[in-house]
Amino acid sequence: MSFLDSLAAGLSLVGNIEAFLALFIGVVIGVIGGAIPGMSATMAVALTLPFTFAMQPITGILLLLGVYKGGIFGGSIPAILIKTPGTPASSATILDGYPLAERGEAGRALGMALWASCTADVISNLALILFAGWLASFALSFGPPEFFTLILFSLTIIAGVSGDSLLRGALSALLGLLLATIGLDLVYGTNRFTFGDPNMMGGLNFIAVLIGLFAIPEILAMVWHPTAHVGKTRSLGKNWVSFADYRRSFKSIVRGSFIGVFLGSIPGIGAAPSAFLSYSEARRTSKNRENFGKGEIEGVAASEAGNNGVAGATLIPLLALGVPGDVITAIIIGAFMIHGLQPGPMMFILNVDIIYGLFIGLIVSSLFLFMVGSVAIRGFKYVADLPRRILIPAVLVLCIYGVFAVNNNIFDVGVMFAMGWVGFVMMRYRVPPAPFLIAFILGPLLEDNFRQAMLMSGSDPTILIRGPITWFFWAMTVVTIVAIVRAGVGAFRRGPGRGRAPEA
Amino acid sequence: MTERQVQLRLGVGAIAMALFLAAIAIPNWVSSPSNVGNIVLSPLFWPYVLAGFAGLTGLGLVIAGLREAAQDPAPETDDHAHGPAWRRLAGMAVFMLLTMYALPRLGMVLTTMLLFAATAFLVRTRHPVTAVICALLVPLVLYGFFAHVAGVAIPQGEVIRLP
Amino acid sequence: MTLKTMGAVCALSLGLAGAAWAEYPERPINMVIPYGAGGATDISARTISEPLGKAVGKPLVMANVTGAGGATGSVAVQNAKEDGYTMLFARVGSHSVNPAMKATLPYTLEDFRFVTVYEINPFACVVSARSDITSMEALIEQAKGDGISFSSSGVGSGPHLAAAMVLNAFGVEDAANAATHIPQQGGGAAATAVLNGTADFLCTNSSALAGFVSNGQMRALMVTTADPVEGFDAPTSVDLGQPDLQQMVGWTGIAGPAGLPDEVAAKWGDWMQSAAADAEFVEKMESRGSIIRVMSPEEANDFIQGQYETFRKLVDDLGMRIEG
C-alpha cells in the first residue's frame, strides 16, 4: 500500500465527527485533570480508560491521547499560579513561572506555556510521523550501560538549577538521592530505611514528595509571615504573551522540543527530566542567564517545550516496539490491547489505517490544545486574583485530596506534610528545591542501571564504555563537569561572595 | 541569618548527617543479604557513596562559609522571626498532626473543613465570613469531584457518611 | 501516632460494622487493586467489575494502591475492617510468590480469606527473535555451558521464580544462582530488557507477551499449560516432559481480610458465579489469553495454598528466600 493509500485509509477512519469529538473532549479532560494538582495527567488517562472500552478503537485511543496531551499542558497552570505542579512534568515550569506570577505576569507566563507547548507538540508529532522507525531502533540500543551514562550526564543539570550556590544545590541533590533510596532494594529485595512499614516499602510517592516540596512550604511561609504578600501586585493584569517574547524564546523552544523527542523516544525517562534538561540548556545558552529563576519568560518556554516534546515521542516506542515509555503510555497500551490491537512492527503492516488515523488525529490535537488551552487560561487566571489568605488554605485542602487520590493512601498525605517541612527549612536556608527533585527522579534510575549493567557483565566495569553511545555521554559528562569546576574555581578565586552560579 | 551563618550551619548539618548515616542509619536500617558477590552490587554501596558525598559537600560548605566575611549582611532581613511567628508555625505543625490523626476517623471531608478554617484563622484572614463559607464548600466540592467524577474512594468518617 | 496507623488506608473508614448481615451490601464496596493502572491485574479487575457490579447491586469503587510488588495494597486490605466493604484483587505475585519468597513480607496467606479465583493465565518463556536460542533444549544447554541471564519484573516477582523453577525442572544445578537474574522495574521493562539484549530470556504470563510474539519480536519456547496456547507456536511443558511446571500459572482472585464472615464469603461466591457467566466478559478475557475458571471460596483457598506450598518448597530447596 502506498503512502497515499495509507493516508486515505487513515482519513476514512478518523474522518468522522466522533473521532474528532473524542479528541477534543480528551483535550478538555486532560487540561482540567492536569490543572488539578495530584490528579495529574496519569490519573486523568487512567480514569478515562474504562470509557474507551465501548468505543471504536481509533476513537478510544484518540480520546486517551487527547487527555495525555491536554494533561501535560494543564499541569503548567497550577505550577505557574499556585506553585503546585499539576503533573510532575511541569515542575520545571515553576522555576520561572511562579516568579512571573508573583510579579503579576501570570497571563504572560501562561500564554508562553501554551505557545511553547503547542509548538513542541507539533515538532514532537512530526518526529513521530517521520522518524518513528529510526528512533525506535535507536531506543533499542539503550541498555543499562547506555542508560547509566545518559543519566549521569542528566544529573549535571543540577548545576544549572542550583541558583546562587552550587554547593547548596549539591546538598539539595544529595538529600533527594538519599530519600530516593527508601524502599525495597531492586537487586536483592531487601529493606532500605523502611522500618518494617509496608507503606515505606514502595518508596516515597513521587507526587507526594513533589507537592510537599513546592506547595506546602508556600503555605508554611504564609503562616510564618501572613502579611508578606500585602502590597504586591498579583493580579493577572491585562498582559499577555507577545510575539516578541515568542520569537526571543523560539530557539529554546525548538531545542527543548528536540530534547523532548530524544528523551521521549527512549523508554523509561519521562517528561520531567526532559523539561529540566531543556530548562538548563536554555539557561546555559541564554543572554539573560542571570534572570533565570527570577521570572524569565524563556525559562517557562524551555520547560514547557521540554515536557510537551515528550508527548508525541513516547508514542514512538509504543507504536514501533510495543514498549511503554512511561506510566501514561503503559495505560494507553492497555487500551490498544483491549481492542485486540498489538502495537509493534507488525501494526505498521496489519493496521496501517489505524496508525495513519492516529497520525492525523495527533496533528489535529495540537490545534485543539491551542484552542482549549486559550480558553482554560482565561478561566483559570482569576485564581491569581483570589485573596491570598483564602487561596492558601484552599490549596492545602486541594493538595490533600490530590495526593490521596494518586495512590488511595493516607500515608502519602503524611509524606507530603513531612516533605513540606523539609522544603520549608530548605527555603529558610536558601537551598534550592529543584536539584532535590531531579535527583529524586534520576537517582534510582542511576543506581538501578548501574547495578543492572554490573549484573550483565559479572561486575566488569568496562561494560560502561561498551559502545559509541556510552562514549558520547561520558564525553558530554566530562566536558560539563570540567566547565562547572572551572567556573567554580574562578568564582572561588574572585574571592568570597554569593556571586553568580558557575555556568554548566 | 548572614550568608556565612547559612553556609556554616548547612555545612555542619551535612557533616552531621553524613556521620549519622555512616555510623548509625545505614548499618542499622539497610539490610543486605550475606551472599553478595561483589561490593558494588550490595544494597549498602549506594547509601555509603551518598553519605560520603554528603560529608564532602558539608566540608565544602564550611570552607565556603569561613571565607565569607562575617559581617556580610543577609540579602533579606528577617525581622519576623519573633514569638508569634514561631507559635503560628508550631500551630500549623499541630494542625498537620491532628489532620493525620483525624483523616481515617472523621473522614476526609470533615477533617479538611476543620483544617481549612483553622489555617485561614491562623493566618488571620481579613475575610472571616468568606473563609468559613469556603471552608464548608471547598471540601464538599472536591469530594463531589473526586468521589463521583473521578471515582476515588475518599475516606469516609465514622461520624457522617456522605452519599 | 505511629506510621502504621497513618498508613491505614481510606478503606479503614468504613462505618458501623456488625449490623444485620442480611443486608450486605448496603453501600458501595471498595475494591483495592494492588498494582498500577494498565497492568494485567488492573485490566482484569476493571473488566470483571462491570458484570460483578451488576451482580452485587451496589457500586464497586476501584482503588489502585501500588507499591512494593503488591504489598502496600495487600496490607491496606489486611488491616481493613472485616465487614466485607474492603476487598482485594489478589494476584499470583502478591499472594503466592511473594509470601513464598520474602521473609519480611508484612502479611501471610493466613491474613486473608479468599472468596474466589476467577482467572488463570498460562506462563510462557520467550527469547528475543534475534537470539540464537530456538528451543528449551538449547536454552538449558546454554545455561549449563556459557551461562544465561533472565529478566523479571523485580525480586520475588512471578517471572523471577518462574525462571528459576523452569531451570530447576530441566535439571540445571543450583538453578537460583546458575543463571544471572537481572531484575527490572515492572513487567514492561522486563520485556524491553529481552528485546534490547540486556537479558537472554523471560518467563511471564502469556498475555504480557502475546503482542511481542505475534509481532515477531520474540520467540516463544514453552508455555506452562497442558494444552497449547493460541498465538504461541511453542510446545507445552507437558510435551517437554515437565508436567509439574503447570503449577506455574498466573491467577487473579478476590480476597478479604482473614475474619471475613461466612455469609459475606458465600455471597461473593454467588456473585462471582453469575458475573463470570457474562458472555461479553468471558469473550474479552479469553481474547487476552486468559482462561476463565471461577472457583468457590473453598476451591480458591486450596488452589492458592497448593501453589504456595509448591513455591515455598522450591524456594527453600534453591535457597532463594529473601531475608532481611
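1. The contact between chain C and chain A takes 50 residues from chain C and 48 residues from chain A, two residues being in contact if their C-beta atoms, placed from the backbone, lie within 7 Å. This is a predicted model, in which local features need pLDDT of at least 70 and side-chain atom pairs count only at pLDDT 80 or more, while totals for chains, interfaces and linings use all residues. Residues are numbered from 1 along each chain as its sequence is written, and chains are lettered from A and ligands numbered from 1 in the order in which they are written.

2. Several elements of chain C, including α2 (40-56), α3 (71-78) and α9 (206-214), each supply at least two residues of the side that touches chain A; helices (H or I, at least four residues) and strands (E, at least two) are DSSP runs, numbered from the N terminus. The largest share of that side, five residues, comes from α8(C). By class, the side of chain C that touches chain A divides into 22 nonpolar, 24 polar and four charged residues, where Ala, Val, Leu, Ile, Met, Phe, Trp, Tyr, Cys and Pro count as nonpolar, Asp, Glu, Lys and Arg as charged, and the others, Gly among them, as polar.

3. Chain A also meets chain B, with 50 residues of chain A in contact with 58 residues of chain B. On the side of chain A that touches chain B, α20(A) gives the most, with twelve residues, and the residues of this side divide into 35 nonpolar, seven polar and eight charged.

4. Chain C itself has twelve helices and ten strands, and its C-alpha trace spans about 65 × 45 × 30 Å along its principal axes. Its radius of gyration of 20 Å agrees with the value near 20 Å for a compact globule of 324 residues; the radius is taken over C-alpha atoms, and the globule rule is 2.2 Å times the number of residues to the power 0.38. Buried residues make up 61% of the 324 residues in chain C, a residue being buried if 20 or more other C-beta atoms lie within 10 Å of its own, exposed if 12 or fewer, and partly exposed in between, with C-beta atoms placed from the backbone.

5. On confidence, the model scores ipTM 0.91 and pTM 0.85. The mean pLDDT of chain C is 85, and 93% of its residues reach 70 or more, pLDDT being the predictor's confidence in each residue, from 0 to 100. Among the elements of chain C, α1(C) has the lowest mean pLDDT (41), whereas strand β5 (residues 149-152) has the highest (93).

6. Two residues of chain A deserve a look for their backbone angles. Most residues other than glycine have a negative phi. Asn408(A), however, has a positive phi near 50°; this residue is in the loop between α20 and α21 of chain A and is buried, with 26 other C-beta atoms within 10 Å. Arg430(A), also not a glycine, has a positive phi of about 55°; Arg430(A) is found in the loop between α21 and α22 of chain A and is partly exposed, with 19 other C-beta atoms within 10 Å.
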